[in-house]
Amino acid sequence: MPARLRRIAAILLRLFYLLRGSSARVVPLFAWQAVDIVLWGFISHYLDSVSASHLNFVPVLLGAMVFWDFLVRALHGIIVAFMEDVWSRNFLNIFAAPVSIFEYLTGLVLFSIATSILVLVIMVALATAAFGLRFFAYGVLLVPFLLLLFLFGIALGIFGAAVVLRWGPAAEWLIWPIPALLSPLACVFYPLSALPSWLQWVARLVPPSYVFEGMRGVVAGQGASLQSLLICTALTIVTLLVACRAFLGVYRHAVRSGLIARYSAESVA
């Protein structure tokens, strides 16, 4: 195995050992998603029972919640793995070894892929068994929808790691509210037209808004716009590139300025 792949595998192995050695790290992978599934499942069934329309709220609301939690899980897959090194003051020790920043980020992304897919399977199984969600009703567009949401979640995670790296562990509180702050602009549970006209322009810059609009179009039998998917793809790629560039820039600045020493095991602040 090439040396680069061995180092990436070592990062993955370390993260796996952290999960295996602590149930406190494993349970949060599924607990909050399960709560969301149950909550929005009952809300969807209630709206179905009192609504006079023929709209099925289960794929619209519960399906949207599964999609959104998948994005959030991708974000948390990066952030939590990064913060494990910050909390344990192990970040500087990793780069004392012959590990490049590219290999480190690759390890975090692969870890996020593994945990996100596992959580997605569990969410879909729970939503299907408890509330009858037909996940494959979205058709072949299910794959690009999930891929675009995952890539955007990865971009947010990398950007969040850059924020913590730049302003220190105290900036952690800035990262966790990101999904809640973005969800109104992502139009997770309502169409873009529900927003004020001036805010719709802002929402069109948020890639997930195109995914959820397309998802509702598929459920309504109208299909998804190819142009919207292409715009979403372009915005997602740009966001991911900007996030990676920001992280690399912050990392180089931290190394040159000595700020990276704040993550040393010997640091007290």
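Trainee: At what angle do H3 and helix H6 pack, and how far apart are their axes?
Mentor: In this predicted model, H3 and helix H6 (residues 142-167) pack at about 30°, and their axes are 8 Å apart.

Trainee: Parallel or antiparallel, then?
Mentor: Roughly parallel. Angles under 35 degrees count as that, so H3 and H6 qualify at about 30°.

Trainee: And which hand is the crossing of H3 and H6?
Mentor: Right-handed.

Trainee: What about H2 and H3, how do their axes cross?
Mentor: The axes of helix H2 (residues 23-50) and H3 come within 9 Å and cross at roughly 165°. That makes H2 roughly antiparallel to H3, since the cut-off for that term is over 145 degrees.

Trainee: Which residues make that contact?
Mentor: On the H2 side they include Leu29, Ile37, Trp40 and Leu47. On the H3 side they include Phe57, Leu61, Met65 and Val66. H2 passes H3 in a right-handed crossing.

Trainee: New topic. Which residues touch the most other members of the largest nonpolar core?
Mentor: Val66, Phe67, Trp68, Phe82, Tyr104, Phe135 and Phe247, out of 87 residues in that core. Helix H3 (residues 57-87) gives the most to the core, with 21 residues.

Trainee: What does valine 66 touch, apart from its close sequence neighbours?
Mentor: Leaving out residues within four places in sequence, valine 66 is in contact with Ile37, Leu120, Met123, Val124, Ala127, Leu133 and Phe135.

Trainee: How far apart are the end C-alpha atoms of H5, and what span should it have?
Mentor: The ends are 43 Å apart. Helix H5 (residues 101-131) has 31 residues, so at 1.5 Å a residue it should span 45 Å, and the two values agree.

Trainee: Let's look at alanine 162. Buried or exposed?
Mentor: Alanine 162 lies in helix H6 and counts as buried, at 3% relative accessibility. Apart from neighbours within four places in sequence, alanine 162 is in contact with Ala246, Phe247 and Val250. Alanine 162 and leucine 248 are 86 residues apart in sequence, yet their C-alpha atoms are 8.1 Å apart.

Trainee: And serine 209, buried or exposed?
Mentor: Buried, with a relative accessible area of 3%. Serine 209 is in helix H9 (residues 207-219). Not counting residues up to four places away in sequence, serine 209 touches Leu185, Ala186, Ala203 and Arg204.

Trainee: Last one. Where is alanine 220?
Mentor: In the loop between H9 and helix H10 (226-257). Alanine 220 is partly exposed, with a relative accessible area of 49%. Alanine 220 and serine 49 are 171 residues apart in sequence, and 19 Å apart in space from C-alpha to C-alpha.

Note on methods: Residues numbered from 1 in each chain as written. Predicted model: local features only at pLDDT ≥ 70, side-chain atom pairs only at ≥ 80, totals over all residues. Heavy atoms only, no water. Core = buried A, V, L, I, M, F, W, Y, C linked by side-chain atoms within 4.5 Å. Buried < 20%, exposed > 50% of the residue type's maximum accessible area, 1.4 Å probe, protein only. Helix = DSSP H or I, 4+ residues; strand = E, 2+ residues; numbered from the N terminus. Contact = heavy atoms within 4.5 Å. Expected span 1.5 Å × (residues − 1). Axes fitted to C-alpha atoms, helices over the stretch in contact; angles between N-to-C directions. Parallel < 35°, antiparallel > 145°, perpendicular 65-115°, else oblique. Left-handed = near helix turned anticlockwise from the far one by under 90°.
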